[in-house]
Amino acid sequence: QVQLQESGGGLVQAGGSLRLSCVASGGIFVINDMGWYRQTPGKQRELVAAIARDGMSDYGDSVRGRFTISRDNAKNMVYLQMNNLNPDDTAVYYCHAIHRTLQRYVELWGQGTLVTVSS
């Protein structure tokens, strides 16, 4: 069974940087799109950034220009470099991926990693 595991969350001061990592492991066939979402209490989960297998990426409006998503297909990993963080970026960040097998596509989620930005 394919699983996603995030790492790299923590506490940082406003203006600082963090780098999140996520690795897919298990019986992997092909990992298609990968990405990061975030959620705060009482709000819906929102897209932070997504990246296709060919490297094409997309960003949420609130992070564009500050965050950079990248991936390593050989390692089945996705990264999120977060710069110039502000308190509004405080959230649980979830790794997301689409696992493609011969028969179907399966949506995967990590358990989340907490990012806290202090003012």
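Start with the aromatic rings: rings of Phe, Tyr and Trp (its six-membered ring) pair if their centres lie within 6.5 Å, with planes under 30 degrees apart counted as stacked, over 60 as edge-to-face and the rest as tilted. By this rule there is one aromatic pair. Select Tyr 37 and Trp 109: the two rings are edge-to-face, 5.1 Å centre to centre, with 70° between the planes. Tyr 37 belongs to strand 4 (residues 30–39) and Trp 109 to strand 10 (residues 105–109), so the pair ties together parts that are 72 residues apart in sequence. Strands here are DSSP runs (E, at least two residues), as helices are (H or I, at least four), numbered from the N terminus.

Colour by accessibility next, where buried means under 20% relative accessible area, exposed over 50% and partly exposed in between (1.4 Å probe, protein chains only). Tyr 37 is partly exposed at 23%, and Trp 109 is also partly exposed, at 34%.

A note on what is on screen: this is a predicted model, in which local features need pLDDT of at least 70 and side-chain atom pairs count only at pLDDT 80 or more, while totals for chains, interfaces and linings use all residues. Residues are numbered from 1 along each chain as its sequence is written, and side-chain values use heavy atoms, with hydrogens and water left out.

Two strands pair if DSSP finds at least two bridges between them; strand 4 and strand 5 run antiparallel and are joined by five bridges. Select Trp 36 to find its bridge partner in strand 5, Ala 49. The two strands form a hairpin with six residues between them, and Gly 42 in the turn has a positive phi of about 80°.

Now extend the selection to strand 6 (residues 57–59), which pairs with strand 5 in the antiparallel sense over three bridges. Which residue of strand 6 stands opposite Ala 49? Tyr 59 does. Strand 5 and strand 6 form a hairpin with five residues between the strands, where Gly 55 takes a positive phi near 100°.

**The sheet 1-3-8-7**

Hide these strands and show the open sheet of four strands, whose order is 1-3-8-7 with antiparallel pairing. Strand 1 (3–7) and strand 7 are the edges, each with a single partner strand, so one side of each has no neighbour in the sheet. On average, neighbouring strands of this sheet are turned by 15° against each other, direction ignored; the axes are lines fitted to C-alpha atoms (for helices over the stretch in contact), and angles run from 0 to 180 degrees between N-to-C directions.

Within the sheet, select strand 3 (residues 18–25) and strand 8: they run antiparallel and six bridges join them. Arg 19 stands opposite Gln 81 in strand 8.

Move on to strand 7 (residues 67–72) and strand 8 (residues 77–82), which pair in the antiparallel sense over six bridges. Here Arg 71 stands opposite Val 78. In a regular strand the side chains alternate between the two faces of the sheet. Strand 7 has a covered face with Phe 67, Ile 69 and Arg 71, and an uncovered one with Thr 68, Ser 70 and Asp 72.

Select Asn 76, in the loop between strand 7 and strand 8. These strands form a hairpin with four residues between them. The phi of Asn 76 is near 55°, a positive value in a residue other than glycine. Is Asn 76 buried or exposed? Asn 76 is buried, with a relative accessible area of 16%.

The C-alpha atoms of Asn 32 and Asn 76 are separated by 9.8 Å, and the two residues are 44 apart along the chain.

Then go to Asn 84, in the loop between strand 8 and strand 9 (91–100). Asn 84 is not a glycine, yet has a positive phi of about 50°. Asn 84 is partly exposed, at 47% relative accessibility.

**The largest pocket**

Finish with the pocket lining: select Arg 38, Gln 39, Thr 40, Lys 43, Gln 44, Glu 46, Pro 87, Asp 88, Thr 90 and Ala 91. A pocket, on a 1 Å grid over the protein atoms alone, is an open set of points where a 1.4 Å probe fits, with protein on both sides within 12 Å along at least five of seven lines; lining residues have an atom within 4 Å of a point. The largest pocket has a volume of about 160 Å³, taken as the space filled by probe spheres set on the points, which are joined across faces, edges and corners. Its lining divides into two nonpolar, four polar and four charged residues. Ala, Val, Leu, Ile, Met, Phe, Trp, Tyr, Cys and Pro count as nonpolar, Asp, Glu, Lys and Arg as charged, and the others, Gly among them, as polar.
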